[in-house]
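Please have a look at the structure below before reading my remarks. I have kept them to a few points that can be followed residue by residue.

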Amino acid sequence: MKPSDLNHPPANSADGDVPWDPALCQDLIHRLWALREQLLASEQRFANAIARVGPHQQPSARNLVHYLALRAHDLRPLQQQLAWLGLSSLGRAESHVLANLDKVLGILHRLTGRPWHDRSAEEPLGSVRGHQLLQAHSQALLGSVQRERAVRIMVTLPSEAATDGALVRGLVAAGMDVARINCAHDNAAAWTAMAGQVRKAARAAQREVKILMDLGGPKIRTGPLPPGPAVVRLKPVRDALGFAVQPARLRLVPEGTPVQPDGAQACVLVDREWLKRLRVGTQIELIDARGKPRRLLVVEAGSRGALADTLQTCYLTPDVALTVKGTNGRKRHATYPAGIDPLPGALHLHRGDVLHLLGDEGAASDAPADEAPQQIACTLPQVLAQVRVGERVWLDDGRIGGVVRHATPQRLEVAIEQARDRGERLLPDKGINFPDSTLSLPAVTDQDHRDLRTVAEVADLVGLSFVQAPGDVQQLLQTLHDLGGERVGVVLKIETLRGFENLPELMLAAMAAPSAGVMIARGDLAVECGYERMAEVQEEILWAAEAAHMPVIWATQVLDNLARTGLPSRAEISDASMGVRAECVMLNKGPFITNAIRTLDDILRRMAGHQAKKAPLLRALRAWTTTAPPPPARPRRRAR
C-alpha cells in the first residue's frame, strides 16, 4: 500500500469479515522486523563506546544508540500506515525505543493470528523505566524539584552575590533551584564566597540548591581598540515638539574626590578654589567641543560640590573652559574639567566594508593612516590559520556578518555583507564565530584548569563550554579526577555547529561521569547554525537527550527583557513556556531577576499539567463551560 492510498480503506475491509488489511499488516511486520535488526546491529557497532559508560548509564547508552539507528530512516510513510490501522506509532519512542517497537510488532502479530513471544529480556528498558531513569538522572544532576513544578530554575549570580546575603536569600525564596557561577567573570575568591552564600541561604530555606560553575572555555572575541575621545554629553529630555522639559544635570566636585554622578547625568572634577566661587544662581559659561556657546545654571552649591543644569545639549572635553564672572562682574575665572573617561573604542562597519581580523600587532596594515582598513585583533590568534577563503565570519552575536576573501595565518580580510543600513558599531570583547571552519581548540584551556580547582572544592556540577569532541569530555573528567572532584556532574554546553553534529558521541563520553546533562546554549548556537535552523536544532537536541535519559537545560535570553527592565515581551513569555520541554530553564542576571523567577515559576507550574516533554497530557480544559453529556445509564437487572 502506498502512503497516498491511506485515505482509502482496502476493498476487503468493507465486507465486515476481515477488520484489518492482512497484506498491509504483513508488510508492516516485515519492515519493522528489518528495522529491529538494524537497531541491534547498531548496538553491536557501538559496543565499545557503550562499555565505557558508567554501569548505571548502560541502559540509557543502549537506548540512545537504538534511537539514532531508528532516526536514520525517514519514518513518515511507516507512521502514516500505523496510524491508519489505529496502532500506537513510533512518534513517542525516545525513552524506550526497542520496547516501543516490540509493542507495535506484538500487536501486529496478534492481529494477523501469528504467535508472539515476550522479548523484554532483549530490551534495555520499557516506557515506565525510561521515564524513571530520566527523573533519577535529573535529580542526581540538578537536585530535587519543587512540588507542582517538574522543571528546575537556574539563575546566573551577579558579582554582588559574593557579599550580599539578602540578595541570594531573595533568589532562593523566589524559586531558584540551581545557582550558576560564570567563571568568565570575577575570581576564585568571589566564586567561593558566592557558593557559601548559596549554601547558607539553602539551609535557611530547608531545601536543596545546586551550584553550577560554568568554565570560560576558548571563547573567541574581538581584542582591544584605541580608546575614543574623553567626552561627556549632557542632553536634556525633550517633548514631541523638541522643547526641553527636563534639564540635563552636571555634578561638579573638587579634584581628589571620587567621581560619582549621584543622580546627575555626569560628574567632573574641577579646581577646588574655583568651585568655592559658585553660588546658587551662578551661571557657568563655556564653548563646548562643537564650538557651541552654552550656559549652565548652578542649582545647588556647597563645600562638597555643586549641581548645574542646562536646557541645551552640551559636549564637554578636558579642553573646554568653564568660566564664571568675579564678584565685580569684570574679572573672569576659568577651570578645565577633569576626570572624564574616554569613550570605548569602536569600529563603524557598513555593508561593503572590509574588516581585517589580526592575529597580533605585527600583522597590522602598513598603509597610511588615512588609507588603512578597519582592523581589530582576535583574542585567539591561532584560529586564523584554520580559517579558509570563502568561509563565513559572524561578529557580536550575529549582528555583523561577512565572508573571508583573503586569509593568512596572521590576518583575515573579511568582506562585510550583513549589517543594518545605518551600519553597526563593533566594540572590543565581542564574540566571533566561524560556523564554516573546522577549528582545533582545547575545550579545557589553561585558565579552565586553574578554575577547576575551585570547581572541585565548591561546585556540584560544571559546565563545559564550547565542547566539540569526545576527547574534550574525557580531558575534563580526567582533570576532575586528578583534583578530587569525581563527584562533580558534567553539563555539555552545545554552542557550536560541530558540538551539535557530534552530540551523540559527546553524550556517550559524558555518561562516564556520575551525572551528566546538556545545555542548549541558544545564543552562540543560533549564530553557528543560522537562526532559521535554530528551532529544528533545539528539537533534535531535546529528542536525543530524552533518548539518553539525560536532563536538558534550556538557556539564553529566557525572560531577558523582564529580568533587565521589569517588563516582559509577549514573545519571551511564549518562549519561556517552551521550557517545560526541558528539565531546567536558565535565567540570566538583571535588576528584576526575582520578578523573572516568580514569573517563570508560575508559567512552568501552569504548563506542567499540559505538556510532558513532547507529549500532550490532555488535562481537562476549564476555559470553556460546555457541559459534557452524562454517561449512558447501566440497564437495571430485572427482579426475580
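This is a predicted model: local features need pLDDT of at least 70, side-chain atom pairs count only at pLDDT 80 or more; totals for chains, interfaces and linings use all residues.

1. Residues are numbered from 1 along each chain as its sequence is written, and side-chain values use heavy atoms, with hydrogens and water left out.

2. An open sheet of mixed pairing is built from 6 strands, in the order β17-β16-β20-β19-β18-β22; strands are DSSP runs of E with at least two residues, helices are runs of H or I with at least four, and both are numbered from the N terminus. Because β17 (374–377) and β22 (432–433) each have a single partner strand, they stand at the edges, and one side of each is left without a neighbour in the sheet.

3. Two strands pair if DSSP finds at least two bridges between them. Within this sheet, β19 (residues 400–408) and β20 (residues 411–418) are antiparallel partners over 7 bridges, and Val 403 lies opposite Ala 415 in β20.

4. Another antiparallel pair, joined over 5 bridges, consists of β9 (residues 283–287) and β10 (residues 293–302). Here Glu 285 stands opposite Arg 295 in β10. The two strands form a hairpin with 5 residues between them, and Gly 291 in the turn has a positive phi of about 85°.

5. Is Val 104 buried or exposed? Val 104, which belongs to helix α5 (residues 97–111), counts as buried at 3% relative accessibility, where buried means under 20% relative accessible area, exposed over 50%, and partly exposed in between (1.4 Å probe, protein chains only). The C-alpha atoms of Val 104 and Leu 32 are separated by 8.6 Å, although these residues are 72 residues apart along the chain.
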